[in-house]
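Please look over the structure shown here before reading on.

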Amino acid sequence: AVEADSGKSALDKLSIGGYGELHYNNLQGEGGASDKKSVDFHRFVMMFGYEFSDTIRFFSEVELEHSLSGDDKPGEVELEQAYIDWDLSSNLTSRSGLFLLPVGLLNETHEPDTFYGVERNNVEKYILPTTWWEAGTGLIGRLDNGVTLQGFVHSGLETNADAKYSIRSGRQKVAKANAEDLAVTLAVSYAGIPGLTLGGSVQYQEDVTQSQDADAGSATMLEAHVDWQYEAFRLRGLYGMWMLDGDGPKSMGADEQNGWYLEPSYMVTDKMGVFARYSTWDNQAGDSADSAKAQTDIGVNYWIHPRVVFKADYQWQDNDSDKNQNGFNLGVGYSF
Amino acid sequence: AVEADSGKSALDKLSIGGYGELHYNNLQGEGGASDKKSVDFHRFVMMFGYEFSDTIRFFSEVELEHSLSGDDKPGEVELEQAYIDWDLSSNLTSRSGLFLLPVGLLNETHEPDTFYGVERNNVEKYILPTTWWEAGTGLIGRLDNGVTLQGFVHSGLETNADAKYSIRSGRQKVAKANAEDLAVTLAVSYAGIPGLTLGGSVQYQEDVTQSQDADAGSATMLEAHVDWQYEAFRLRGLYGMWMLDGDGPKSMGADEQNGWYLEPSYMVTDKMGVFARYSTWDNQAGDSADSAKAQTDIGVNYWIHPRVVFKADYQWQDNDSDKNQNGFNLGVGYSF
Amino acid sequence: AVEADSGKSALDKLSIGGYGELHYNNLQGEGGASDKKSVDFHRFVMMFGYEFSDTIRFFSEVELEHSLSGDDKPGEVELEQAYIDWDLSSNLTSRSGLFLLPVGLLNETHEPDTFYGVERNNVEKYILPTTWWEAGTGLIGRLDNGVTLQGFVHSGLETNADAKYSIRSGRQKVAKANAEDLAVTLAVSYAGIPGLTLGGSVQYQEDVTQSQDADAGSATMLEAHVDWQYEAFRLRGLYGMWMLDGDGPKSMGADEQNGWYLEPSYMVTDKMGVFARYSTWDNQAGDSADSAKAQTDIGVNYWIHPRVVFKADYQWQDNDSDKNQNGFNLGVGYSF
């Protein structure tokens, strides 16, 4: 245990942080969609880190979702990060344990003060599927030109036909996870030009049902994203797609699952920014059925402190099913 | 994250605390009431705070109830506080997030070393209903004469006929809470005379069933309390009541729910205090049926340290139903 | 709350620690046993301590098991330690609260960097049953000759016939625990010779079913263990047994439950150690039925830091039932 009285060196090694976000949704359903008027402390997170030596570090993140976890309660307690980083050289680090996959814009950096909108965008929820953690091991290499390369072998997804082979349903969360089939993720990002980040990732898993479904097979993900800031303007965008092998996914159009969004924003003052976002996604894009979903958001973030933000936005949905939830959302978030 | 090695200023902003209480109950049931011999680590709490600036602060409290939370387990993990305080002036603060409502004596201050008795009193459990948190926003004003005024708009209760419209059953705990109907709470307290605290609060919610029950309607709460210390003597007392509109609550007497208690105590030595408490409450006080409950407690607190206490008490119940649980309770509690 | 800005003395009193272990199992079932290919963040633990004074201390341990806790989720959140130590003299301490029983080698010291093997040994899982905590009170005395004596009165087990009176199934975990029958534990250990620890313990409970089962009665546990280190060699061994009274346990051979293991190991380098372990145990040893289980493990620990370890081992089972799981396990663990 880190004891304060064992000298300054002990406490020096410990780091503690946290973040949280409270949401209020006021949505009207149309075309058969239900209304939603809800208050929820969606995420409460504590982070604990420890520096074993100059080259070996631990980091962890524990989350209480939906404020209340227990038998017959709506929330859950999740371990989202718990890994050991071991620097093999000044620009090569090995990572082992349970970690966030380096995919997309939000998955690794999802503190509420870092993004626009009360709720996270649906493309990074239903396609990527953020927050997405797995257990495994791999390497992170940082080149001098601003390029970072990452490669991991890790636990994989386990989808099934009942869930229409949707990607999000396949998350096992490293909780007694079936490890019949592992997965591989490679990621590259470039931050060599001030204000600009470009990134992309690819993942492959030999059987996305953990060999439980003879009608299903491999899954391949491709994803690319951009985050570009020019003075008060900012543009974020992302495209992601999955290809699932096998007659099972194909029979319901789940052999292709994809989506993209584009989010321009503008800092009106030092403390207030406005944004718009168009997002569209389809977890059954492989056939001609009308299964695509789309949502437009506009809103405002007001930071009373760089790490404390109040948010308001309005959303319009335009789903192929004509079942839409339209209305406004309010939120407050912080990180430290 | 707060990293110790990022300088003294970073750790300066973090605060960490906690409290806990272990209970042993040894009760005999009479009149058909069951016996209860039980050991339970009723509450284990950690608190984390962060000072973003001189005027903006975060505070949180996470609780593990009954020692064990999970599928088919008796306990739960609860977020009981997580809010941002923003000082608008030297005596006016805005509070936003998930917070404890300023009602009664125990709801905001419930560390075991601060009160007598192993178990909390039943009036503040079944009438107020402590521990009671909601999400919302409001203002706290402190006048120079010792008066504090608080006003909040926040998420509301959701009771129903199956639960006999009991107030305690209505707590949604900000977990995907139905927000069809919000509530308003106003509170005033006076601490201008050394040793004396007087306080009261009122709450109004337009529909206590979140508009789910056409036979129910608004709910109004009134509450007043006193805490008076004179040398080694101390007297605490509280009265609380609810009025529920609608034929549904009226049909089962739940249109009136009320209770009160009086608790004199005396510090025998610096470390040991004795107390007595009479409490009576009725969650179906609106009709002539015999539904009132009453309990008398006597006991002792022994503080081996100002924040570490051992407790023992004896309870007699005198319920209208003649179903009573009588016996003794032992406890140990701490806070830091 | 401990606030850093309230002066060095406040933070001085707080201690924070943690440990965790990630497991990968790759086992083949034979004789009807199932295969197991699984990834699981088995244990994530945070520890919080506080020093109230020179003689009064608090210590606690909270665990998230299996990474994910909630309704219909595989894991759970557990309070494993939360007690007050009060030094009555320089070598006599009273302990009250929820604490780990002083039985065996692993129950009190189970950080993954302190033992060999990815999974804990089965004797201390199914016979002792580690991790085993109860609530109660008692004394710890440390003599000058290296002998430590401990005695506690605490909450007891609650087994039943459906669980074949197995000891592990009887853990109530101090969660609304039935306290009809308490238990007593006495332990002695000797650490007077450098490198050698000898210990043993005995427990007695008048009714191991909390008086719920008329066919069952008392339970008595005896346990002895050794941990001997000589230069690079180390030997750990343990024997444990239970005797259960009553016709119920006797009818299924559960009146005797026992097991032992022996584990020699050798540090090949400063960072790498190899081990072998033979363990055998039987939760129905009281009759002539073939119910014994046995497992042989060999493996390696590689410490990249004294408190960060990577592990690999191979296991062979030799159960009387001929249902065996054989294969290898990988793990990573840390403590701070």
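The points below are grouped by topic. This is a predicted model, in which local features need pLDDT of at least 70 and side-chain atom pairs count only at pLDDT 80 or more, while totals for chains, interfaces and linings use all residues. Residues are numbered from 1 along each chain as its sequence is written, chains are lettered from A in the order in which they are written, and side-chain values use heavy atoms, with hydrogens and water left out.

**Symmetry**

- Chain A is superposed on chain C by a rotation of 120 degrees with 0.0 Å of shift along its axis, at an RMSD of 0.0 Å.

**Salt bridges**

- Over all chains, the whole structure has 42 salt bridges (a side-chain nitrogen of Lys or Arg within 4 Å of a carboxyl oxygen of Asp or Glu).
- One of them joins A:Glu76 to A:Lys173, with the closest N and O atoms 2.9 Å apart.
- This pair links distant parts of the chain, 97 residues apart: A:Glu76 is in strand S6 (residues 76-89) of chain A, and A:Lys173 is in the loop between strand S9 (147-155) and strand S10 (177-178). Strands are DSSP runs (E, at least two residues), numbered from the N terminus.
- A:Glu76 and A:Lys173 are both buried (buried means under 20% relative accessible area, exposed over 50%, partly exposed in between, with a 1.4 Å probe and protein chains only).
- B:Asp227 and B:Arg234 form a salt bridge of 2.7 Å, N to O. B:Asp227 counts as buried because its relative accessibility is 10%, whereas B:Arg234, at 26%, is partly exposed.
- C:Arg43 and C:Glu65 meet in a salt bridge of 4.0 Å, N to O, and both residues are buried.
- In chain A, a network of salt bridges links A:Glu21, A:Arg43, A:Glu63 and A:Glu65.

**Surface charge**

- A patch of negative charge on the surface gathers A:Glu30, A:Asp290, A:Asp318, A:Asp320 and A:Asp322. In such a patch, residues have over 30% relative accessible area and no salt bridge, and like charges are joined within 9 Å; Asp and Glu count as negative.
- A:Asp318 lies in the loop between strand S18 (308-317) and strand S19 (324-335) of chain A.
- A:Asp318 counts as exposed because its relative accessibility is 55%.

Note on methods:
Patch = residues over 30% accessible without salt bridge, like charges linked within 9 Å, V, L, I, M, F, W, Y side chains within 5 Å. Areas by Shrake-Rupley, 256 points an atom, 1.4 Å probe, with all protein chains shown as cover. Charge placed at Lys NZ, Arg CZ, Asp CG, Glu CD. Helix = DSSP H or I, 4+ residues; strand = E, 2+ residues; numbered from the N terminus. Least-squares fit on C-alpha atoms with pLDDT ≥ 70 in both.
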